Amino acid sequence: MMINWKVIIEIAKTHLITKMKSTTTAALGVTFGIGAYITLVSFMTGLNQMLDDLILNQTPHIHLFNEIEPSDKQPVDLYTDFEDAINLVHSIKPKQSQRKIHNALPILQYLRSEEAVKGAAPQLRAQIFYLSGSIELGGNLVGVDILEETRLSNIGDYIVEGTPEDLNTTDNGILLGIGLAQKMSLSVGDRVQISTVGGDIFPLKIVGFYQSGIADIDNIQSFANLKTVQRILGEAQNYITDINVKLHDIKGATAMAQQLERQFEVKAVDINEANAQFETGSNIRNLITYAVSVTLLIVAGFGIYNILNMLIYEKMKDIAILKATGFSGTDVQLIFMSQAVIIGLIGGILGLVIGFGLSRLIDNVAFETEALPTITTYPINYNPWYYVIGISFALLSTFIAGYLPSNKAKKIDPVRIIRGT
Amino acid sequence: MNIVLKAENINKHFRKPVLFHVLKDISFEVKRGEFASIMGKSGSGKSTLLYILSTMDTDYEGKLFLNDELVTGKTRQELSRIRNEHIGFVFQFHYLLSEFSVIENVMLPAKKLAKKSHALIEQDAMQKLEMLNIGHLAKKRASRISGGEKQRVAIARALINDPAILMGDEPTGNLDSYNSENVFQIFKRLKEEQGLSLLVVTHDHDFALRTDRIIEMEDGKIIKQ
C-alpha cells in the first residue's frame, strides 16, 4: 500500500507547531549536541594538525647520516681460532670513520631521480663557537641549500627577520638563532665572528634571524650556505654530513629508509620511527573529542525520546481517531517518526551553523606564543566531513529516539481509547 | 448487491479479567439505504458489536461481509483502507483533532485516501459542511466550537469519502435534545436524499423508534430485530 507522505508530514508539522515549546526544547538539545561536536572536533583536530605540521614539517621523512658507532663485528670475531669461545671485549670504541656521507653527491643524484621523492636537501652540520669579544659561545652551524630547504620544509616560517633569498645571495651570510642574537646584542646587517673547532676565525654577515620556538635550538643553531660552511671547514664540495629526504607520500618512508640503508650503507631514520609517540597523542585527543560529542548527542537523544513519549500520551485520542478514520498503524508511526526527524534536521542544521559560528569565533581569538611564531590565532580545522558526520549523527540519534515511542503509537488499540476502557 | 453489511455467527470473548462470552452467535444484515439502530442496556454488548462491525476490533470468531466482500481475516493495513474508504464513523464524544481547523478535520480522511486533488477535496469538504449548515465554521479551530457543532463536523468528516455505511456509537448521547433532534434529522435526510445506510447504537428510545429497524440486544444476544 502506498504511503501518503503529504498528509503525514502535514499532521506532523501541525503537532510540532502547536507544541512549539516542547519542539524548541527538543531541537535545542540536538543543536547543543551538534554545535558542541562541531566546535570541539574542529578545534581539536585543528590543534592536532598544527602540532603535526610543527613536527612533520620540521622533520624530514627520511634522514640519512653516518652514525658514529662501534663495529658490529669486533676483530676477535673474525679470528677462527676463537670461534667456539665466549669472547669478552672491554672498552669498545666507536669505529674510526668520517662524519661525511660516503658518495653523498651520487646518492643525492639518485634520490632526486626517484619518482617517490619530492626532494632531497643536503646539509653539513659543523660544531663552531660564536665569538663576542672574549666570550666564546658553543653552537652549531648548519650549511644548507636554503632554497631547496624552503621548498621541502617550512623553515621559511621560522625566519623571523630577513628572507631565505637574502641568505642565498649573500656569500658570507648567516641566519643567526634568535637566542644567540639576543645574547650578543646583534641585529640584521651586523657581523658576527665564528671560530671552528680547529681555531680558524671567520666573520659572517647576519642576513636574518631564525626562531624555531625551541629555546635550546635557538640558543645554539644558525644556518649558512652549504658552500660557505664547506669553505669554513676547509672541506671539498662533496663533504655532506646529512641528507634530508621528503617524499610525496609519507607512508612509503619506512620501506624506503630500509632500502636506502642497505643500498648505501648509511644510517637512514624514517619519520615514523622518529615520531612514533606522536601519533598516539593525536589518536587519544580524537578519542576524547568523539567521546564527549557522543555523550552530548545521547543526552539530546533522551530529551527527544522523553518529549515524544509525552506527546504520544497527550495525543492518545488523536491517534485513536486517526486510526478509526482509516490511518494505519504505520501511518501513525510515520507521523511521529517524521516529527523526530524534523526535530533532528532543524536542530542539527542549527547546530552546524552554531558550531561553524563558534569555530569562526575561536579562529579569531588571538593565540600568540613564542614557540609558534607563525601562529597568531587558535587553529581550526574546517573539514566539511565533520559537518556531514554531524548532521548524520543528529538524524541517526533522533531516528532512534523517535522509533521507540512511535512504535508504541503504532500499537495503540483505538477501540480501547474510544471506549475509554 | 442490496446488502451492505452482513454479520454471520459472530462470537466474542473477553479474556480479562475473567473469561466472558460477550457476543453470542450474532447474525444480521443491513440493507442498502436502511437506517437501523441497535438498542440494549449497558453491558448488553451493543458497542462491542459495533466496533467489530467497524473492523477496528479483529478479535472475534465468525464472518463479517462489507459490500459482499469478506472482511474477516484481512491485514490491519487492508482494514485501515476499508475503514478509510467505505465506513464513516461518528462517536459519542465528537473526537475531532483539536489542533486542526474544522475543514482540515473534514478533509483528513480524503487526503489519506488520496483519490482526489486537494482542490476537489476542499470543495467536497465545504459542500458537506454547507449541507450540515456549518459552512461558516470552516476556518475555525476545532477546539473553538460548541458540542453540537463538533458532532456535525464529525458527521461531515464521516461522509467525506462517500462511505457505504455510516456507523454511530451513541452519536446523540452527549447532546441536548435540540442538538439530538438536529443530528437525527441529518441522518434521516442522508438516508432519504442520498440513500446512505446507517447503523446507530443508541440508548435513546425515542431516537430508535423513529429508525427503520431496531435490533435489540440483551446479554450478548439479539433478542428482537
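This is a short walk through chain B, its two sheets and the side that touches chain A.

Okay, ground rules, everyone. What we have is a predicted model, where local features need pLDDT of at least 70 and side-chain atom pairs count only at pLDDT 80 or more, while totals for chains, interfaces and linings use all residues. Residues are numbered from 1 along each chain as its sequence is written, and chains are lettered from A, with ligands numbered from 1, in the order in which they are written.

So, chain B. You'll find seven helices and ten strands; those are DSSP runs numbered from the N terminus, H or I over at least four residues for helices, E over at least two for strands. Its radius of gyration is 17 Å, close to the 17 Å of the globule rule for 225 residues, so chain B is as compact as a globular protein of that length. That radius is taken over C-alpha atoms, and the rule is 2.2 Å times the number of residues to the power 0.38.

Now the sheets. One is open, has six strands in the order 6-7-8-3-9-10, and its pairing is mixed. By pairing I mean that DSSP finds at least two bridges between two strands. Strand 6 (87–90) and strand 10 (221–224) are at the edges with a single partner strand each, so each has one side without a neighbour in the sheet. Further in, strand 3 (residues 35–40) and strand 9 (residues 213–218) run parallel, joined by five bridges; I38(B), for instance, has I215(B) as its bridge partner.

The other sheet is also open: four strands, order 2-1-4-5, antiparallel. Here strand 2 (20–31) and strand 5 (69–70) take the edges, each with a single partner strand, so again one side of each lacks a neighbour in the sheet. Five bridges pair strand 1 (residues 3–14) with strand 4 (residues 61–66), and across that pair E8(B) stands opposite K63(B).

Last stop: where does chain B meet chain A? Well, 22 residues of chain B are in contact with 19 of chain A, contact being C-beta atoms, placed from the backbone, within 7 Å. Helix 1 (46–53), helix 2 (76–86) and helix 3 (102–113) of chain B each supply at least two residues of that side. Helix 2 gives the largest share, six residues. By class, the chain B side has ten nonpolar, four polar and eight charged residues. For those classes, Ala, Val, Leu, Ile, Met, Phe, Trp, Tyr, Cys and Pro are nonpolar, Asp, Glu, Lys and Arg are charged, and the others, Gly among them, are polar.
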